[in-house]
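Here is a briefing for a reader new to this structure. Look it over first, then follow the points below.

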Amino acid sequence: MSNQKPIADNLFTWPSDQPKLLGSRDTETGRYFFPAKRSNTHEQIELSTKGKLWTWTVQRFMPKTPYIGTDNPEDFEPYPVGYIELPGQIMVESRLVDVRAEDLKIGMEMELSIEPFVKNENGEELMIFSFKPSQDS
Amino acid sequence: MSDVAIIGIGIHPFGRTEGMSGLQQGVHAAREALSDAEMEWKDVQFAFGGSSAAGNADAMVNDLGLTGIPFMNVSNGCATGGSSLLSAYTTIKSGQFDIGMAVGFDKHPRGAFNADPEASGLEKWYGETGLMLTTQFFGMKIQRYMHDYGITSDSLAIVAEKAFNNASLNPNAWRRDPVSKDTILNATMVSDPLTKYMFCSPAEGAVALIMCRADIAHKYTSKPLFLKGAAFRSRPLGSFEVFSPSLEIERGPSPTVGASEATFEMAGMNREDIDLAQLQDTESGAEIMHMAENGFCKDGDQEKLLHDGHTMINGKLPVNTDGGCIANGEPVGASGLRQVFENCVQLRGAAGKRQVQGNPKTAYTHVYGAPGISACTIITT
């Protein structure tokens with residue numbers, strides 16, 4: 001695991017057997033935030049790992065910078081993205097994995113999955129959060 | 001306090017103009033507007049203007065003349081043009097000056113905008129992982145809307161087909177070849193459910209407007225138009241906006257709803273009073289949702305309205321009569337002013353083959369953009 005690291009700090013718990021997204025809750029208003037806000041009125045919260053797909057699309061062309069997935073159009077694979085509604089908390093925008101575009105349906109059950117993304121210049125594998133169809137459903 | 005009139009309008013055709021900077025296109029539009037108002041640059045007492053990617057508007061004075069007037073640069077994302085217009089309106093309304101110019105221009109590189117997360121207050125990973133694309137937002141917003149309100153892909157195609165048909169009658173438009181509904185539906189998917197013909201592209205172009213106190217407008221034109229309402233709003237809690245790593249579960253209204261309400265209230269008018277409208281159509285789903293967000297129909301009614309031709313030039317409420325963003329492209333600084341330009345042309349009865357029949361008297365504009373801002377206007381004869 002030593003050659004894997006999250007793409008950014010304070011995004012999800014890692015390394016972990018049961019990684020969770022890190023959000024925050026405003027103790028005055030009760031509102032949830034992701035990514036977590038640093039403020040003395042916010043408490044850090046581990047967000048729910050399961051939720052429902054609220055909407056989705058597919059990124060079918062290779063994004064320009066600052067995208068670091070690839071800069072070679074021949075290596076680019078379209079990827080689905082969506083918002084996952086984490087009940088009682090917040091909707092999180094995420095890449096979607098282990099699912100074909102034609103099988104995506106609003107309302108389907110999804111769960112968090114931490115996935116390798118690209119290697120950085122030090123050979124470390126950068127890990128990102130994503131959601132995949134729930135194994136239970 | 002005096003009302004505010006629009007007495008001169010100028011445009012540089014939208015699209016791609018090799019060898020001409022965005023600023024030069026702005027100067028072209030400004031000269032056209034001055035000529036339209038039968039006025040000289042020295043008569044203009046102040047100006048507001050801006051671009052998003054083509055430099056500072058005040059550099060125009062090198063070409064227009066060093067008259068020493070206050071020329072304020074405006075930078076407000078997709079509402080840059082709308083903000084210039086609103087600022088010029090307020091300046092005249094306040095009595096500070098009598099005659100001014102609002103100008104917007106732009107020149108963007110080809111392809112989708114590339115966004116800088118940190119400039120939007122976001123973390124780098126958001127762009128690096130491929131989530132920070134305006135196209136994804138548009139796909140996801142209309143995807144949910146279609147699910148909630150029974151809008152079909154066929155309606156998305158009707159909007160795009162109308163845009164190209166209207167543009168084919170507009171010499172200043174960029175994409176002037178009609179495209180059939182089948183071609184639109186079967187074209188390359190960009191961000192589901194939107195195909196490439198349903199999206200506008202960044203482009204080039206410029207628009208300038210000369211405005212003055214209404215009580216002196218007849219000195220310059222026999223057909224002054226009056227800016228009866230203009231309002232700008234940023235996003236309220238719960239709206240679904242571009243570049244949002246997360247959203248509130250409890251959904252709220254978009255900034256468009258607030259800007260539209262404020263504009264109608266200011267004008268003392270109702271939706272039924274509007275004869276034609278230019279609604280932000282960054283892609284065809286946006287035009288559909290904006291029909292409802294601006295209060296011109298209920299959510300879901302668009303499906304029938306579009307199939308009945310309600311928003312065509314000969315329909316009950318013609319929408320985007322000049323081809324909109326879909327056929328004109330979106331030079332960000334100029335786009336909102338293009339809508340006002342088209343309404344002025346229509347209200348003067350000078351729109352040629354795309355003229356809305358029945359002597360339209362009131363026209364509405366609505367611009368929307370990143371990061372959740374909206375500006376609307378109502379112009380009357």
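Which residue of β7(B) does B:I11 stand opposite? B:I11 stands opposite B:V207. The model is predicted.

- An open sheet of 9 strands runs in the order β3-β2-β4-β7-β1-β8-β12-β11-β10 in chain B, with mixed pairing.
- Its edge strands are β3 (71-73) and β10 (276-279) of chain B, and each pairs on one side only.
- From one strand to the next, the twist averages 20 degrees.
- Strands β1 (residues 4-15) and β7 (residues 204-213) of chain B are antiparallel and share 9 bridges.

**Strand β2 of chain B**

- Is β2(B) enclosed or open? 5 of the 5 residues of β2(B) are buried, so this strand is largely enclosed by the rest of the structure.
- Both faces of β2(B) are covered. On one side B:F46, B:F48 and B:G50 are buried, and on the other B:A47 and B:G49 are buried.
- β2(B) pairs with β4(B) in the parallel sense over 5 bridges. B:G49 has B:V103 in β4(B) as its bridge partner.
- β2(B) also pairs with β3(B) in the parallel sense, over 3 bridges. Here B:A47 has B:F71 in β3(B) as its bridge partner.

**Helix packing in chain B**

- Two packed helices are described by the angle between their axes and the distance between the axes.
- Helix α6 (residues 153-167) and helix α9 (residues 284-293) of chain B pack at an angle of about 100 degrees, and their axes are 8 Å apart. That angle makes α6(B) roughly perpendicular to α9(B).
- From α6(B), B:S155, B:L156, B:V159 and B:A160 meet B:S284, B:G285, B:E287 and B:I288 in α9(B). This contact has 4 nonpolar, 3 polar and 1 charged residues.
- Helix α5 (residues 134-149) of chain B also meets α9(B): the axes come within 9 Å and cross at roughly 50 degrees. α5(B) and α9(B) are therefore oblique to each other.
- The crossing of α5(B) past α9(B) is left-handed. B:F138, B:K141, B:I142 and B:Y145 of α5(B) make the contact with B:G285, B:A286 and B:M289 of α9(B).
- By class, the contact of α5(B) with α9(B) has 5 nonpolar, 1 polar and 1 charged residues.

**Strands of chain A**

- In chain A, 3 strands form an open antiparallel sheet in the order β3-β2-β4. β3 (32-33) and β4 (42-46) of chain A stand at the edges with a single partner strand each, so one side of each is left without a neighbour in the sheet.
- Strand β2 (residues 22-26) of chain A runs antiparallel to β3(A), joined by 2 bridges. A:S24 stands opposite A:F33 in β3(A).
- Strand β9 (residues 125-133) of chain A runs parallel to strand β1 (residues 4-6) of chain A, with 3 bridges. The bridge partner of A:P6 in β9(A) is A:M127.
- β9(A) also runs parallel to β7(A), with 2 bridges. A:L96 stands opposite A:F131 in β9(A).
- Strand β8 (residues 109-119) of chain A pairs with β9(A) in the antiparallel sense over 9 bridges. A:P116 stands opposite A:M127 there.
- The hairpin of β8(A) and β9(A) has 5 residues between the strands. In this hairpin A:G123 takes a positive phi near 80 degrees.

**Where the chains meet**

- 35 residues of chain A are in contact with 29 residues of chain B.
- On the side of chain A that touches chain B, β5 (50-59), β6 (79-86) and β7 (90-96) of chain A each supply at least two residues. β5(A) gives the largest share, 6 residues.
- The residues of this side of chain A divide into 24 nonpolar, 6 polar and 5 charged.
- β7(A) pairs with strand β9 (residues 246-247) of chain B in the antiparallel sense over 2 bridges. A:V92 stands opposite B:S246 in β9(B).

Terms used:
Residues are numbered from 1 along each chain as its sequence is written. Chains are lettered from A and ligands numbered from 1 in the order in which they are written. This is a predicted model: local features need pLDDT of at least 70, side-chain atom pairs count only at pLDDT 80 or more; totals for chains, interfaces and linings use all residues. Two residues are in contact if their C-beta atoms, placed from the backbone, lie within 7 Å. Helices (H or I, at least four residues) and strands (E, at least two) are DSSP runs, numbered from the N terminus. Ala, Val, Leu, Ile, Met, Phe, Trp, Tyr, Cys and Pro count as nonpolar, Asp, Glu, Lys and Arg as charged, and the others, Gly among them, as polar. Two strands pair if DSSP finds at least two bridges between them. Axes are lines fitted to C-alpha atoms, for helices over the stretch in contact, and angles run from 0 to 180 degrees between N-to-C directions. Angles under 35 degrees count as roughly parallel, over 145 as roughly antiparallel, 65 to 115 as roughly perpendicular and the rest as oblique. A residue is buried if 20 or more other C-beta atoms lie within 10 Å of its own, exposed if 12 or fewer, and partly exposed in between; C-beta atoms are placed from the backbone. A crossing is left-handed if the near helix is turned anticlockwise from the far one by less than a right angle, and right-handed if clockwise.
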